[in-house]
Structures are given as C-alpha cells and as structure tokens.
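Subject: Structure handover

Hello,

As promised, I am passing on the structure, and my notes on it follow below. Please read them with the sequence and the 3D view open beside you.

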Amino acid sequence: MDMKVSRREFLKTAGVTAGVTAFQGGGLLTLGTLTAPEAKAAQLGMGTFQVRYTADVMCPAECGMEMWIQNGRVAKIYGNKAVPMNDGACCAKGAAGQQLIYSPYRLKHPMIRVGARGEGKFRQASWDEAIDVIARKLTAIKKKHGAESVVMDAGDVTDRDHYHRLFFAYGTPNCVEHGAICDTPRRHGPKLMVNGKRWEPDLMRPQLVRQADGSLKQDSTYLNKLIIYNGWNPFVATRIAYESRGTVAAQVESGCKVVVIDPSLSNTAAKADMWLAPRAGTDGDLFGAMLRYILENDNQSDSAKKYINWDFKKYSVGWEEFEAAFKSWWTKVDPINGKTYFSIDWAANRTGLETKQIEDLSHLFGITKPAALVWGMQSPGHHYNGYCASIIGVALNVITGNFEVPGGVIDTEIVKSSKGGSATGKQFLKRKVKRTIAGKEVEGEVEHLHKDLFGSKFPAAWDDVVADYPDAIQNGIEIRYGPFRGHRYPMKGYILRTGNSVYTGSAPYAWIDAAKAKEASGEYKLDLFVVIDTIYLESALYADVILPEASYAERQSVSDIYPSQPVIYNRDAVIDPLFESKKPTEIMNLLARRLAELGDTDLKAADFWQKYRTEEDFVNEMLAPAPGRANIGTPLPYPKYPEGYTIIGNPESLERGDVTIDDAKKVILGKPVTVEWLRANKGVAVWPMSWYRYKKTGSDEPNGVFPPTSTRRIEFTFDWKDGDKRFGGYRSYNEKIEKAGGDVPEGLKQIGLTKYPSTFYWFETIWNPHTNPEYAKYASEYPFQLICGKVHHAMSGTQMVHWLGEVKTEGTWQPLNNAFESVVAEAQPIGREPIKDAKKKFKANSYSVGTVWMNNEDAKRLNLKTGDLVVVTNPLRKTTRGKVFASGGMRPGVIKMGFGAGGRFSPGTGPAYESRKYTPLHNEMVDPNALSPIMGFPAFADMIVSVKKA
Amino acid sequence: MTAANQEAARSDASVPVEVNNEALSRPLLVTDMLRRLFLFGPSEAVLGLALAAADAQGGSAALAGAVAGLCDAIDEGIDTGENWMSDLAVEWTRLVVGPAQTPVVPYASCYLSESRLVMTEETLAVRRQFLEAGLALHKDVRLPDDHLGIELDFLYFLEREIVIAEALGDDAKVAATRARRDEFVDGHLVKWLPRFVADLSAASTFAFVHAVSATLLALLIAVEPSSQG
C-alpha cells in the first residue's frame, strides 16, 4: 500500500469513527438541550433591560458610562450622570462602543506565530497551549538570564495591575505602563516640586463641596478667570473630559479668558480668546521669559502690577536658591542670537512671537486671578528639554498664587483617590535575590535590578523608559547603581499588553529591527514576544503568541481620570467576554499557575488563583485604600473628624459617622469602598472637594501634610541638606551616583552634567536649528520643524469605526483619501428582508485620513496645494509620504502630523490600513536615539524635515 | 473554537437506534464535517468525514459531485506533501479566524445587519429559533449564536432528529422537525449563506477552500425545502 492510500484510509477511518460517535453520542457540539420550562423561561426573559454602570475605554478619557444590557449584549450606551468627569456626557467615541465590542475583527482566539516575525502568519491555539508556550519560555529565560530579562509593558493604563502583580511576583522589576511613552517631561516639574504629576485647571464641575451648615452641595459654579493652554488641546485630544465642557462653561459663566499657545490652530485655539503660535520647541523659552518678566515687573504696591503672591514662601522651600539660579542666566548671552537669556527680546527671537505679545501674556497671567497655566503633551511633553519648561511652569503657577485655589490649578495626581493597594504586587519588589557579578555573589532586592532606576542611562526615570527597548534587545542592559552595580543582563522577554510600542514607542524601524534581530545561533535575540490585546495592532505582527483580552465592557477595574478631588468609579464587566477572550484576572491566574506547575516557587496559589477567585476579589483589594487622602483644606471635607488624618472608606459610612479613628496612625477608617457598594451607588464614589490643601483650615500655617514631598512643602530646590538630613526630588538619584563613585548616567552626560541639579537648570532642545547652534547647519536643507498631535477619534481603538473616521478634525485628519471601492450594506428602509451588499465607489477626498498639515504660504512657495502627495525627509535620511493639507492655521515653517493617524501597517486597523501608502507615519521621522536626558523620553516633536512633491 | 471546547462536545441525548457508517447519510456526514470545520478548523476528523461522505448515500447529485470535488482537493493536498495540512491550517486561520481582519466573517449578522457587527438583532433571532427547538448555547461556548459552525450544529441536530424519528416511525415528529428545519433553512440560512460562500471562494487560492465553498452551497440546496419536493 502506498503512503497516499495509507494516509487517505487513515483519514477516512477517523472520519467514519467521528461521524458515528457524534451521531451515537447525541450529536451536538455547541448547543445543549433545555427542558421545556427552561426554554420557555429563557424565551420570556429575552427583551428585558438591565442598567449597568461602567467606564469607557474607547479613548483615554475613561468617561463614566451607563450601559443598557439586553439579552446579554450591550444594547444602548449613555453617559453616567453620577460621574463628575463627564457629568452624563457621552461623545461619539463612547457611543461607538459596540463597534469595538462587537467587531467581527476583534482578536478572538489565542494565536501562535508560524511564520517569521512580521509576516503576520499565525495558527489558532488553545489557551492551554498558548499559556504553556509562554510559561515554558518564561521559565527558561528566568533560569538562564534572570527574571529581570523579562519586561512587562502594560501599554494601556487600565487594568495594568493584574499583569504587574504577576510579573513582580515572577521576579522582574521591569513592569511599565503607558506613561513611559506619553509625556514624562511634561510631568517632571510637578513630580519634582510637589511629588505630583498633572496640573489641570480647576474645571471639574459639579463639585461636591461641604457647606457652612455641614451639608454637602453639588456646586457647578465656575470661578476661573484665565486659562492658558500651552500645547494642550482638550477639545480634541484630552484625557480629561471635564476640560472640554468646562473651558467653554468658564468662558460663558465666569468670563474666563482662554489663551492657547500652539504652532497649529487647534480646535481649542479656534475657541480661544487669544491664539499664539510660537516656533515649535520654544515653550520653555516663553515660560522663562514670562517668569523673568513677572519677577522684574512685580510691584506689590501697584495693584496693576501685583503679580506675585508672596504667601507662597510659607508653603515652600528653596525659592531663594531657585531664583538665584534662574537669575544667573539673565547675564548670559545666547550664542545663537546674542541676547541675554529669558529677556523679552531673547524670547521673541527664539519663539518668533512679538515682544508685545510676550509682555502682554506675562502681564495677563501675572495680574489675572485665579488663573491656570497648563502645558500638554504636545509641548513640553514631547521635547527633549521639556523638563525645564515643566519646572518653570510650576514656579509660575505657585508664585502667582494660583496653585490649589478655587478656579486656579490643581495637581490632580496628589488629590485623586488612592487605588491599587496590595493588589499591585509592589511588595514582591522587596524580595531578596542574588546575582553573581565578576565572580562574586551579591544580594539585593528585586527592585535593585530595575533597568532604569538602577540602570546606566536614566536612573531618574521614575516613569520608566520604553523607547530604548530596541537598544536593550540589541545590546543588553547594564546596572550601574545600587547593590547590583556591574550586573549586565539581556532583554529576552517582552510581554506587551494593550500597547503598540512597535508603532508608537519611537521610530518603528528601530523596533522592527530589534524584534527581528537574531543571535549568531539563528535564534531571535528577543526570545519571547507576547501581545495581549483586544485588537490586532502593528506590534502583534511581531509577536510569538497573541492572547485575546476581554474588551473594556467585559472586564472589570476602576477609573479615576485626573479629578480635582477624590473620585473613583467602577469599570464594571457589564457583559460576558465574547469569543475566547479572557479577563486580566483569568490571564494572570492561568499564567501564574502554569509557572508554578513548571517549578517556579515565586508564584504561589495564595497570591493568585486561590486569593483572586473572581475579578471582584481583585478589584475589592484595589479599592481598599480609597480614598486614602488627608482630611485637609478649605472647606474641610469632614469637619467632624480630625484635620490632617487620612480618610479611608466609602462616602456613605464617612458621612454617617460609621468610622473608627486611629489616633496613633492618624487614620479615619470607614466602611470600605467595594464593588458591591459601587454597584449600589451608580458605580461611583465621590468625596468632598477642598482647596488650599497645603495649609491648615482657617490659618496660614502649612499643615505638614500636603504636598507629599520630602518636606511636605513645595520644593524649589531638588537636593539639599539640613543638618544630617538630605531632602529633595533628586536626592536619591544623586546619592546613587555618589555611592557609585561619581559614575555619571549616560543621560546626564548628554547635557554635560555630572549629577542632577539642585535647583533651576536649563539646557537646549535638539534638532532645533533656531535654538541650538549644533543644528544650525541643517536649517536650509531641512527648513520645516515637525510636530505631532493626537486626534482621539482617529486612534487605534477607533479607526475601525467608519463614521468616526469620516469626521474631519483640524488639519491632521482631512478628507484626502484616494478613490476606492468598497462593499457596503445597502440601505433597507422597511421590512425584514436581508441587507444586501452594494459595491460602492467612494470618490477621492470624501473620507478622512492622516495628512501633512502645513502653512498655505509655505505650500505655495513649494508649488504645493492641498491634496498633493509629498515625501517628507529628515536628516537621518528617513522618509514618509502623505498628502498636504495647506491652511493658514499653521505657523510658517512648521509641519504637523497626527500621532497614530497614518502609515498604519497592521491589517487590523481597518480603513487606516487601506490608506497607509499615502498617509504619513510620523514616528518614522523620530530620531530613535534622541531620548531626553533626564527620563529617557523620545523627543517626538523635535525633528526637522524637508518636503518635496512625490 | 479549540480542542478544549471540542472536548466539551455535547452528549445530551444518546441515539435510541443502532447506526453505523452505512446508516449515516451523505447530507448528515457533510453537515457534521462542515460544522466541525467552521468550529475547529481543518482537522483530520474533518478531512476524514469528507472522505467518508463520498462513500455514503443520500442527498442530491450536486452534493455528491461537490463532495467528490472536495475529496479530489484533499487527495491533491495529500499529494503535495506533509506540510499541506499545516499550510491549510494557516490559510484557514487567515480566512476566518484572524488575527488580521479576515476576508470573510462566518457570522450571519455580518451579512444580515446593516451594522455588520456580531451580536445584533439577527443573532438574537437565531437564538430564539434555538430556544423554540429546546436548545441553547452551552455556557462555555462564547461565540455568537449565528456563527456558521453553530448554525450547522443546529442543522445537524435537526437532520439527526429526523433520521431517528424516521427509524422509530414517529411520523409526527418527522413532520414537525422537518418544518423547523425548513423554517431555519428557508427563513435564515438561504439569506446569507450563498453570499458567504461566494466571498469564501473568492478569498482563497486553495482548491480545498473552493471545494468547501461548493459543498456548502450544495448542502444548502440539498436541504432547501424547494429541493425536497
């Protein structure tokens, strides 16, 4: 018998056996029989609605949502009026949730790569197999290279804790999240000076405020008089929903003036009272000039020039040192324009604004109270020297008396509710581990192996560095500080969850090269690449294993997006996971259990699958510390409780007095916020608002509680000694350098520093010929500065929603498509006839795509017009292609592209994939080696380019 | 659907009459083969059922022809070597599983609803038909009710019920089940399956896929009320 016949007969026998067995056994594979009463009851139950409260993840704003569930599916989506972030509003993105949840193109099953990385060839696998493959690789990597060789990147902020807990327990400290590639330079000043993160205008309304009679009132009064948005575009790209409506409301109700500083006419700028369009990357220059102007022109005896509220000195330390360091620059001459630093003339030359504009803005900010100066990711956040701007921005708000005042500016990070608690797994970072370095066994803690905090490049990168993973994969990681100094390890495992670092982490070509790089043996250098997500994005093309995660409506966690007071709300699982997707809790437990089965004793049942039997168990532990903020400020949130004590418990029990007070620990402990409590209270807990949280109620004395810095005061100095004690935000990093014998981090070397500065400092950005002499030589060949900005309804999670894609937005998302044909549903106005397909021709310029937005006069000079295809080239000889959108709403000499809007090369991104050949991939222009010196952030908005017709 | 779910294959009601491979009609074997293909992918059991169906009786000449074509495609595949099965699995994954946007989507709602989403009113209409037949998806099956594999599972159930009722001489049940099957086929399947078949065939260069498309269409015609007289 030949082999073919043998094979055929084998198959046929298998088929006959299967057929007979199926018939004999009852036959059904997916369906089961019901009793007649069961079937009747199920039929009668169809059609009833349940109202569930959850939070959105269609964009980063995470608005509170009310979803109506019918027959186990999301039937209606509304905003949740009880959540003050969005106050019941539901935008088109939120309303489009079903398009994602019920997309037939979701990731449905575990997949295992069968082709080469990047080929996009996968086979379907069972969860058991996929988890086993991952666990075996993780076990082998840990054994050979150490657990620190695995990086867990929870690219999205939501639900990171399950995965971080798992990998902290596994033994790697290298667990990161979205913030690492969002805007770390922007947050630097707040973190350094108040131990906070994001400064936002006091715009969240309604606010729950304690009244004089002890009652609570929902107050919707807007108090703002001036808001300056620098590179911040809340009408299009905000994470903070209340800023969209609040800005307009403040303009109307309190006469608030709004100034937008942005090279492009953003939607926010279009509604502003003043739009200033400076040269890109000069935000710090403008801020510095404002600070100098205010210091030089403040006159406390002239009400028209009483800019500074010197009370700030009561609540801060180190102003004198800061001021002296700042003023020391006033006599230095800028080699590029011959003017002294931070003078109005100097700033005018560098920013391209008029001197009067800068003077007027400085005066307006100094004299208007309350005011808020805030800066976004599209300005300091994406520039190499954004740290300087961020620090000056904090100083400007503080000295003018606008920090923590009604209608002023709030650091949302340090007033929002605590969450996470022991569920985050950070306790595992304290485990003792040993490594052999130069033949000697050394003991330390897991956290001492952190790639960044103890690494050779950016030890002050408290939000981690994602952008240098390509280098870590290619060349490995060196620990330079702490007990493991001298230890080197490779990056061998990369677990990426709902992130897309290959596309967004800096230059995609560097990521792709790293993902495909091989050892001499032919094995990939990156031994394991896992993607966990709901949709198929660019990074997944390079994954070895893809795990389908439940969509945001099918998994549970908590949301708390940048409020001005403690607010926390349940992102409930309102429906069961569809297809074979699993919830983070399940994935965490599956992987932990399999690792334990393979012999990893760091993963214990009591920490995972026995502890968290449901996702509610996990979320309840996350909620346990809420709100975790002190009873401070005016009006005092809880006047019946001791001032300064930490408040823990749900609002109901705190209001009712159902608490225990621990005077030793200074804690007021009510009944905990739980999933059950949230579900019974429209999904949300809101605690009372207060302002002036840095001082005692009814007094001008600091309360010693807030802000949560080393001195409990605003710190203008970053490393100093008072007797034997050492303070400041940079203290610990400088101590590391000192203990390492003065070995300077690579990041600091880039800007000529040997340690982190003790107060105000300044350095220039890169790839900017107008402000940095090193790049002046490129100015003529590459005459355009390239910046980027987000259009939230045209990002990964929403690009598959056609009607959102059709909505044009600013200059970066315009109807400039090529003509195309597509099969669409033919409208069926009446009856129950099936929908028919219709092959429809879509005309050119009828569908929005990512563009190359430039000034119309610049375009004219280059003989270009809107719709022309151009090639954009940078000095690194990298190119991208896109169609021009020419308008007056762009500063001459600047080009803007949507971040994530074009050049989408994953076939999971729907219409955006179809237009990839004529839409620009902004990140292809980013210098992958230009990581900002303090926190290693990619300089997304520091590049110069030439533009030529294709 | 994966092996884990496959293991959960249901055995709610064992057959009250003896059957062997001769007793299984071609339409029944083809339906069994196709439901497994769309639920689990091109496994050895799927290919074996196709080969077994070629030797079985019943159904139309068109169905016999389609099955013969399918067997030719399998033979051709076996001839190309041992990688054919794994290549076919990758192709099948690309066509109907993902992870990229698949050329075809095996959900009725994506053809019948204007939204082109899963879990629409059309999906619920199929669920109602299941309930009327005393059936519901098992809790651990989280596919939409109108996934083609599940609809073929339902069709298989109805065909099997008819075979058994006929063997037992239960004419009333034969008539009632036929009526239920006709309603499902004529009121639902014929509205979307032909278009799906066309899309599937156009999306691949694999002879096996073309033959599967032809077999699906032939099965649909074979079970359509109008073709049964």
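Strand 1 of chain A pairs with strand 1 (residues 135-137) of chain B in the antiparallel sense, over three bridges, where two strands count as paired if DSSP finds at least two bridges between them, and where strands (E, at least two residues) and helices (H or I, at least four) are DSSP runs numbered from the N terminus. Within this pairing, A:G32 stands opposite B:A136.

This is a predicted model, in which local features need pLDDT of at least 70 and side-chain atom pairs count only at pLDDT 80 or more, while totals for chains, interfaces and linings use all residues. Residues are numbered from 1 along each chain as its sequence is written, and chains are lettered from A, with ligands numbered from 1, in the order in which they are written.

Turning to the contact between the chains, 67 residues of chain A are in contact with 71 residues of chain B, contact being C-beta atoms, placed from the backbone, within 7 Å of each other. On the side of chain A that touches chain B, helix 1 of chain A gives the most, with 16 residues.

Elsewhere, strand 16 (residues 371-375) of chain A has five of its five residues buried, so it is largely enclosed by the rest of the structure; buried means that 20 or more other C-beta atoms, placed from the backbone, lie within 10 Å of the residue's own. Strand 12 (residues 226-230) of chain A pairs with strand 16 of chain A in the parallel sense over five bridges, and there A:L226 stands opposite A:A371.

Best wishes

Definitions and conventions:
A residue is buried if 20 or more other C-beta atoms lie within 10 Å of its own, exposed if 12 or fewer, and partly exposed in between; C-beta atoms are placed from the backbone. Two residues are in contact if their C-beta atoms, placed from the backbone, lie within 7 Å.
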